[in-house]
Amino acid sequence: MALTEVSSNKSFGGFQKVYSHESKVLGCVMKFGIYIPPQAEDKKVPVIYWLSGLTCSESNFIEKAGAQKYASEHGIIIVNPDTSPRGLNIPGDSDSWDFGVGAGFYLNATQELWKNNYKMYDYISKEVLDLVNSNFNADPTKQSITGHSMGGHGALILALKNPGLFKSVSAFAPICNPIVCPWGIKAFTGYLGPKETGNWEDWDATELVKKYNGPPLELFIDQGTSDQFLSQLNPDNLVEVCKTSGVRVIYKQRDGYNHSYFFIASFIGEHIEYHAKYLK
């Protein structure tokens with residue numbers, strides 16, 4: 001699959017690049033960021049996938065998280081895809097910030113208007129992984145996943161729905177129980193249909209933990225105590241379910257931090273170090 005280099009900037013001995021490609025899964029041109037550490041010049045290296053939150057594109061993480069330094073130190077590729085299809089002009093896809101463009105929720109839509117293109121789950125789990133493993137010096141046996149907010153939700157469900165695919169998973173302020181919060185209810189109703197028939201539980205980390213059956217898994221959840229969206233995130237619901245499910249959880253509450261990239265940048269080094277332990 002052809003990749004077009006959009007930008008390339010040297011950073012901490014490696015290169016922060018952005019590529020575009022024609023997505024067969026989503027039916028549009030997509031972009032993703034990839035940091036390639038200097039160690040990848042002569043050997044295969046592990047990969048961390050970062051999933052961004054509502055309204056974000058591939059650029060937010062690249063410009064605000066400060067991850068390149070730590071990725072270079074640990075010799076890890078970091079890939080950050082976009083958050084939804086772009087440029088399709090589906091009726092209603094740009095009417096609100098929390099649904100449609102910039103708000104793909106990392107699921108596979110089943111409802112008319114959305115089902116042919118809004119398949120971010122398949123895009124991440126199949127197409128993006130294949131692109132990275134085919135075009136870069138990435139070790140497909142050593143990959144982890146993380147993300148923020150809607151992207152934290154995406155990271156959790158991708159790990160829980162694909163046992164063994166990722167060596168580790170972490171999330172900053174994830175939407176932990178979307179079937180009970182306004183953001184999730186709006187998105188799931190639009191993409192999946194009514195709760196009674198839409199299999200909402202299949203895309204909810206708190207529900208997926210209850211039936212997880214795979215290799216031992218630990219969830220690393222990072223949450224700011226001054227997060228202005230805490231009522232949407234419901235981390236306590238997920239932590240409580242983990243206690244009786246056999247899925248381990250690390251839950252760190254960061255005093256005074258909010259939902260912004262200032263929070264992410266403060267602890268991204270700790271997350272990369274956490275994943276590095278599993279990847280090496």
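Trainee: Which residues of H4 are buried?

Mentor: Keep in mind that this is a predicted model. Buried means under 20% relative accessible area, and 11 of the 12 residues of H4 fall in that class. In order along the helix, they are Met150, Gly151, Gly152, His153, Gly154, Ala155, Leu156, Ile157, Leu158, Ala159 and Leu160.

Trainee: And how far does helix H4 reach from its first C-alpha to its last?

Mentor: Helix H4 covers residues 150-161, which makes 12 residues. At 1.5 Å a residue the expected span is 16 Å, and the helix comes close to that. The reach in the model is 16 Å.

Trainee: Where is Ser149 placed, and is Ser149 buried or exposed?

Mentor: Ser149 has a phi near 60 degrees, a positive value in a residue other than glycine. Its place is in the loop between strand E6 (138-147) and H4. With a relative accessibility of 3%, Ser149 counts as buried.

Trainee: Let's turn to charges. How many salt bridges does a search of the whole structure find?

Mentor: Side chains of opposite charge can pair when their charged atoms come close. The cut-off here is a side-chain nitrogen of Lys or Arg within 4 Å of a carboxyl oxygen of Asp or Glu. Searching the whole structure this way gives 14.

Trainee: How far apart are the closest N and O atoms of Lys115 and Glu112?

Mentor: Start with the surroundings of the two partners. Lys115 is partly exposed, with a relative accessible area of 33%, while Glu112 is exposed at 56%. They form a salt bridge, and the closest N and O atoms are separated by 2.8 Å.

Trainee: What separates Lys210 and Glu207 in helix H6?

Mentor: These two form a salt bridge with their closest N and O atoms 3.2 Å apart. Lys210 counts as exposed at 52% relative accessibility, but Glu207 counts as buried at 19%. Both belong to helix H6 (residues 205-210) and are 3 residues apart, so the separation is about one helical turn.

Trainee: Which parts does the pair of Asp222 and Arg254 tie together?

Mentor: Asp222 forms a salt bridge with Arg254, the closest N and O atoms being 2.6 Å apart. The pair ties together parts that are 32 residues apart in sequence, because Asp222 lies in strand E8 (residues 218-224) and Arg254 in strand E9 (residues 248-254).

Trainee: Is that pair buried or exposed, and which residues share its network?

Mentor: Asp222 and Arg254 are both buried. Salt bridges with shared partners link them into one network, whose members are Asp222, Lys252, Arg254 and Glu270.

Trainee: One last thing: which residues form the positive surface patch?

Mentor: Take Lys280 as a way in: this residue lies in the segment after helix H9 (261-279). Its relative accessibility is 60%, so Lys280 counts as exposed. The patch is formed by Lys43, Lys142, Lys167 and Lys280.

Key. Residues numbered from 1 in each chain as written. Predicted model: local features only at pLDDT ≥ 70, side-chain atom pairs only at ≥ 80, totals over all residues. Heavy atoms only, no water. Patch = residues over 30% accessible without salt bridge, like charges linked within 9 Å, V, L, I, M, F, W, Y side chains within 5 Å. Areas by Shrake-Rupley, 256 points an atom, 1.4 Å probe, with all protein chains shown as cover. Lys, Arg positive; Asp, Glu negative; His and termini not counted. Charge placed at Lys NZ, Arg CZ, Asp CG, Glu CD. Helix = DSSP H or I, 4+ residues; strand = E, 2+ residues; numbered from the N terminus. Buried < 20%, exposed > 50% of the residue type's maximum accessible area, 1.4 Å probe, protein only. Expected span 1.5 Å × (residues − 1).
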